Amino acid sequence: MANLVKKVDYDCPQCDHYHEVEVYIQKTQSVMEGNIVTHEETFYFCPIEKEEFTPAKIMNQNLLSARDAYRESIGRLPSMKIREIRETYKVTQKEFANLMGWGDVTVQRYESKTIQDETYDQMMKLVYEDPLLALKELEKHADRFEHERYLEIRDSITHLIKKNSLNFYKKQIIYASYIDFSEPSDMNGKTILNLDRVRNVIHYLSHFSSKLYKVNLLRLLWNTDALSYKKYGNAMTGLVYRHHPLGAVPIAHEELLDICNDLINIREEYLDHYTTYRIESKTPVDISFFTEAEIEIFDEVIREFNHGERKKISNYMHKEEPHSGHNNIIPFSLAGEIRAF
Ligand SMILES: [Zn+2]
């Protein structure tokens, strides 16, 4: 079934007049490298002659859409994404190809017609994730650039590294720290670590708790996971907690807070000769990310916290924390013994 999307004035090849023609989009199937893919195609319609036609430019677009559908079906980058990666580094198609050490027209072909093979696809993905790798590639192929242009590109990549990719490396540290916990177990509350989820949970807790310090936040995280485990048999985040003089503290907690720097603000405050870290939410919370049952858990944990848990937090923890298991990690099976709920 075709949908009318707009009308345009066009030099109509059907009736040889310049007039308004209708533009339609419909789902269609094409064969790409021996596979059938479903994708959208556009065609024009002359209401006078009642005939469909497809201008050459649109025909190319349709082919690109078929190729992108095929790329997506086998997990390769679609042409738009390749373009986006290139634009992140502020380089032309030819420059991007040279940066990667490829033939001049390689990227131009990938953005317009040819489907990239797996090795090239993988390289583009890596370079996108990790600007430091892009910088290495650029340095390796420096002789392909005019020196001045080389310095400009180097500058824009360096800028990206400083601006965005610290979080990328922090995430790598977190993944490496959780390498022993890649299966659901008593250590992670039968939940595999999901950093996107951790970020959203930290954001929620920071947003809806008043006068929150770092110690409190870490405590709320544990309480959230422990209560979720107690109620439903699964922790919410997949974090693994260790005993610490301050209470239950997730492994790699510094990095975990660092990767939330777009969502929360951490400010140093001096209280009674101690440095404390005040947490404040920076942006509104996307509540749709959570189920109703999860929001109930947050509300219960925050309510408990506001009803005085924050006052007794330090001495309470030494008394109430379950005994440590191996490596000081707190097993979730002991979460039920905690009296806080
Ligand atoms: Zn016509």
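Q: What arrangement do the 4 donor atoms around the zinc ion form?
A: The arrangement is tetrahedral, because the 4 donor atoms subtend angles of 94 to 122°. Four donors count as tetrahedral if all angles lie between 85 and 135 degrees. The model is predicted: local features need pLDDT of at least 70 and side-chain atom pairs count only at pLDDT 80 or more, while totals for chains, interfaces and linings use all residues. Residues are numbered from 1 along each chain as its sequence is written, and side-chain values use heavy atoms, with hydrogens and water left out.

Q: Which residues coordinate the zinc ion?
A: Cys12 (SG), Cys15 (SG), His19 (NE2) and Cys46 (SG) coordinate the zinc ion, at 2.2 to 2.3 Å. Donors are N, O and S atoms within 2.8 Å of the metal (3.2 Å for Na, K and Ca); water is not among the atoms, so sites may look incomplete.

Q: How are the donor residues spaced in sequence?
A: Their spacing is C-x2-C-x3-H-x26-C.

Q: Is His19 buried or exposed?
A: His19 is buried, with a relative accessible area of 12%. Buried means under 20% relative accessible area, exposed over 50% and partly exposed in between, with a 1.4 Å probe and protein chains only. Cys15 also counts as buried, at 15%.

Q: And Asp16, buried or exposed?
A: Asp16 counts as exposed at 66% relative accessibility. Asp16 lies in the loop between β1 (2-12) and β2 (17-32), and its phi is near 60°, a positive value in a residue other than glycine. Strands (E, at least two residues) and helices (H or I, at least four) are DSSP runs, numbered from the N terminus.

Q: Changing topic: which residues of α5 are buried?
A: The buried residues of α5 are Asp121, Met124 and Val127. Seen down the axis of α5, they fall within an arc of 130°, so they line one face of the helix. The arc is that of the directions from the helix axis to the C-beta atoms.

Q: What do the buried residues of α5 pack against?
A: They pack against α2 (79-88), α3 (93-99), α4 (106-112) and α6 (131-140); contact means heavy atoms within 4.5 Å.

Q: Which exposed residues does the face turned away from that side carry?
A: That face of α5 carries Glu118 and Thr119.

Q: Last one: where is Pro78 found?
A: Pro78 is found in the loop between α1 (56-73) and α2. Leaving aside neighbours within four places in sequence, Pro78 is in contact with Asp68, Arg71 and Glu72.

Notes:
Four donors count as tetrahedral if all angles lie between 85 and 135 degrees; four count as square planar and six as octahedral if opposite donors are over 155 degrees apart and all others between 65 and 115; anything else is irregular.
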